[in-house]
Amino acid sequence: MEKYPHPFSKEEATARVRALTEYWQRYGVKTTWRGSTAQMEGRVLGVSFTGIFEVTDSELILRKAKYSRLGILLGGRHYAQRKLDQYLDPNMPLGQLQVA
């Protein structure tokens, strides 16, 4: 389990994570949302992964994250962390993320 603290309301944090999952949809990642929890499965830039995002009032929790062996070798976890840092950056307006 990985935790990413955020300074946003739960609604804005959820909107930011939704923007990220919509970005990943371009690459074939399938996401199913139930409230503020998202289950994902797919491949981005050759890296296969599955996981569950849960947005709370103070953090984003990544549960059951699994990366393919190739994904681990290619730095899939670091890529996901960089994207999460970008989408949870309070200096980046949500509107700019939705077109990223």
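Along the sequence, the protein chain runs β-α-β-β-β-β-α-α-α. Helices (H or I, at least four residues) and strands (E, at least two) are DSSP runs, numbered from the N terminus. This is a predicted model: local features need pLDDT of at least 70, side-chain atom pairs count only at pLDDT 80 or more, and totals for chains, interfaces and linings use all residues. Residues are numbered from 1 along each chain as its sequence is written, and side-chain values use heavy atoms, with hydrogens and water left out.

User: Which element of the protein chain has the lowest mean pLDDT?

Analyst: pLDDT is the predictor's confidence in each residue, from 0 to 100. The mean for the protein chain is 84, and 83% of its residues reach 70 or more. Strand 2 (residues 30-34) has the highest mean among the elements, 95. The lowest, 54, belongs to helix 2 (residues 69-73).

User: Why does a low value matter?

Analyst: pLDDT reports confidence residue by residue. Where pLDDT is low, the predicted coordinates should not be read in detail.

User: How many salt bridges does a search of the whole structure find?

Analyst: Side chains of opposite charge can pair when their charged atoms come close. A salt bridge here is a side-chain nitrogen of Lys or Arg within 4 Å of a carboxyl oxygen of Asp or Glu. By that rule, the search of the whole structure gives three.

User: How many residues apart in sequence are the parts that Glu59 and Lys3 tie together?

Analyst: Glu59 and Lys3 form a salt bridge, with their closest N and O atoms 3.9 Å apart. Glu59 lies in strand 5 (residues 59-67) and Lys3 in strand 1 (residues 2-5), so the pair links parts whose separation in sequence is 56 residues.

User: In the salt bridge of Glu12 and Arg16, which residue is buried?

Analyst: The N to O distance of this pair is 3.1 Å. Both residues lie in helix 1 (residues 10-25), four residues apart, about one turn of the helix. Buried means under 20% relative accessible area, exposed over 50%, partly exposed in between (1.4 Å probe, protein chains only). Glu12, at 30%, is partly exposed, whereas the buried residue, at 2%, is Arg16.

User: How far apart are the closest N and O atoms of Glu54 and Arg63?

Analyst: Glu54 is partly exposed at 25% relative accessibility. Arg63 is also partly exposed, at 31%. Their salt bridge has its closest N and O atoms at 2.9 Å.

User: With which side chain does the side chain of Glu2 make a polar contact?

Analyst: Glu2 sits in strand 1 and counts as buried, at 13% relative accessibility. A polar contact is a pair of N or O atoms within 3.5 Å; within protein, one must be able to donate a hydrogen and the other to accept it, and residues adjacent in sequence count only if both atoms are side-chain atoms. At 2.6 Å, the partner is Tyr4.
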